[in-house]
Structure formats: structure tokens, C-alpha cells
Amino acid sequence: MKKIIRFIPLILFVLLGALLYRGLFLNPQAMPSAMIGKPLPEFALPRLKDDQQVLGRDDLKGEIVLLNVWATWCIQCKYEHPYLLDITADPRITLYGLNFTDERSAALRWLKQYKDPYVFSIFDEQGALGLDIGVFGAPETFVIDHTGIIRKRFAGPINDKVWQKEFLPLIDTIEMEIAQGAS
Amino acid sequence: MQFVVKSVTASALFVPLRSIVISVILLMLGLTQVSASPVDTFEFKDERTKIRFQVLSKELRCPKCQNQNLADSNSKIAVDLRKTLYTLLQEGKTDQEIIDFMVYRYGDFVLYRPQLKKQTYVLWFGPIVIFLGFIIGVIWTLRRRGKAKASELSLSSNEQANLDDILNKK
């Protein structure tokens, strides 16, 4: 008994050390989204390129939908833009844009200048849909599966590395789920 | 003439110096409080709503800026969320409804005061448990020490017999 008691400080030290050591490798910037596993909320917002057309949740067609939050005030969106053009080559995904708290004319100019990777962009001037899906900045990219459930939120710009590490495995998983559901 | 010029430069030197000294003292005393918090122009329907706004914007954390609350932060998202908070208050939502609204979208991260649930039991009760453990440990050690002292002071029966022998021999 006495011998065990003598070791208590050492045990506590090792436990604390293990805890703090693990903490060294955590990314404090990584923020899990509260929306994962929840359905994409309903919305009614105009299309960026046509203010007469009202878009809703059902307009986001495609088995695996990627919703990319972007704005012209967002510098990293510019960095991300060529990669977005690249990923649209993947036939498994459909890329939509959510133009977030932006000016229409500036956004339209941007798409003209840098090419438009999106099937269409939703024009969310007040950030209403952004608020509903917990957007806290741009760029952010949401992955929505074939059942309309948000599976992932990636905050930050996409590039090749991010795409391969963060997105492709999930796309493969969803593809498998689709195949299983169909059989 | 020269004298006048001199006195002018002297006073020109001394006055700013004095005001600098005063302002340094004021700064040290913290009397000149500079409020850097962003200013929004919200019109509240009554004083109570205004206070609720102030309390909630202090308790809700800005999702983007790690360690600032909504009241302190000037980031775009904090400005937007203050607007949302204002709208929700004007709509007559209760504090709990507003907190639920924020947590549904941004997760537990937005709360500076975490809610009491299974995952946060350690957070809420951990300190109390550690404190109680500490108290118990102290009491236990003190008791043991007291006992050890008592047994050290009192003689065993053998020792007592020896002592009696020595004393009786005299």
C-alpha cells in the first residue's frame, strides 16, 4: 500500500504529461461545425446572375453537392479559385457557390474575370443562409450527401493537398454509401 | 528683448512637459479609459432589452476569433452576429431561445459558459472533486501524523517496565 502511494505523484505526472503532450499537436484553429449530420436548411435566395430567379434547397441537384462560400472581399477565395476550376473536372461532384455578404456587381465581375466554376451561385447579400449553416468566414466548403445531409465543413482555401486529404476520402465513402443504397 | 524670448521658450518647454507628466500619471492611474470596443448604433425598445443585449454579447463567443466575445470583436462575423442578436431580441426571443439558435449553428464553441451535459460534467464538477480529494488527503495525512506522534510519545509496555525498573532501583 505504502509503495503504491509513493508512486502516485509519478503516475499523476505521467498522466498530465501525456495530456499536455497531446495538446501540443492539436490545432486550436480547427473548428468542428455544429451542422455536420444535420440537413441543409431550407432557403429562398436569388441567383447571383439573375435576381428574378429564386433558388431553394431543391435546386442544388447532384448526388454529392459541394457548396463553396465565397466573396470578392475574401483574399483566400482568389487563391482557391483555380483549384475550384480543377475539382469541377471530377464527375462525382457538383459545385455550387454561395456568394456571401457581397456586392452583386463586384461578384459578377469576379466570375467574368476568373471564370465561373459553379453551376450557379446563390446570392446571399444579408448572409441569411450563411448564418443558418454556421458560416463564420470565407472561403468555406460544405459537402452535402445524396440524402441532403451536411457531411463536412472545411474552413479555409482548397488546394490539391487539401482536396486529396480532406475531400476525396469522404467522396469515396459517400459513393460507397450510394452504391450500397442502390443495391 | 532677449530675456522675453528666453522666457517664452522656457514656458513653451515647461507647459507641454507638465501636461505630459500629468497625462502619464493619469495613464498610470488608468483614469483616461480608452474604450476600444466597436460601436454599433442599435435602438432598443426598452432598457431591459439593451441590458440583455449587452449580457448576451459578452457571453457569446465570436466563432472566428477564438478568444473574443461578440461585444469585443470587430470581425465581420461578430458584427453580423451582433446584428442577428439584436434582431432576435427585438423579435422577443428569450435568452434560452437565442442561445439555442446560436448553438444549433455554431456549436458549443460559441458559449463562454458551457452548458451542463454529459460531456461537460468533468469541466463543471472536476474542480470540486479535485478540491474534495485534496481536503480528504490533508485530513488523512494530519490524522496519520497525529497518531504517529502519539505513539512516539507514549512508551511501549516493555519500555515502561524498563523505566520503572530504573526508577525503582534508585
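Chain A of this predicted model has a radius of gyration of 21 Å, whereas a compact globule of 183 residues would come in near 16 Å (taken over C-alpha atoms; the globule rule is 2.2 Å times the number of residues to the power 0.38). Along the principal axes, its C-alpha atoms fill a box of roughly 80 × 45 × 30 Å. Local features need pLDDT of at least 70 and side-chain atom pairs count only at pLDDT 80 or more, while totals for chains, interfaces and linings use all residues. Residues are numbered from 1 along each chain as its sequence is written, with chains lettered from A and ligands numbered from 1 in the order in which they are written.

Chain A has 5 helices and 7 strands (DSSP runs, numbered from the N terminus: H or I of at least four residues for helices, E of at least two for strands). Some 31% of its 183 residues are buried, that is, 20 or more other C-beta atoms, placed from the backbone, lie within 10 Å of the residue's own.

Leaving aside residues up to four places away in sequence, Leu67(A) touches Tyr96(A), Leu98(A), Phe142(A) and Ile144(A); touching here puts the C-beta atoms, placed from the backbone, within 7 Å.

Where the chains meet, 12 residues come from chain B and 12 from chain A. Helix 4 of chain B supplies the largest share of chain B's side, 4 residues.

Note on methods:
Contact = placed C-beta atoms within 7 Å. Buried ≥ 20, exposed ≤ 12 C-beta atoms within 10 Å, placed from the backbone.
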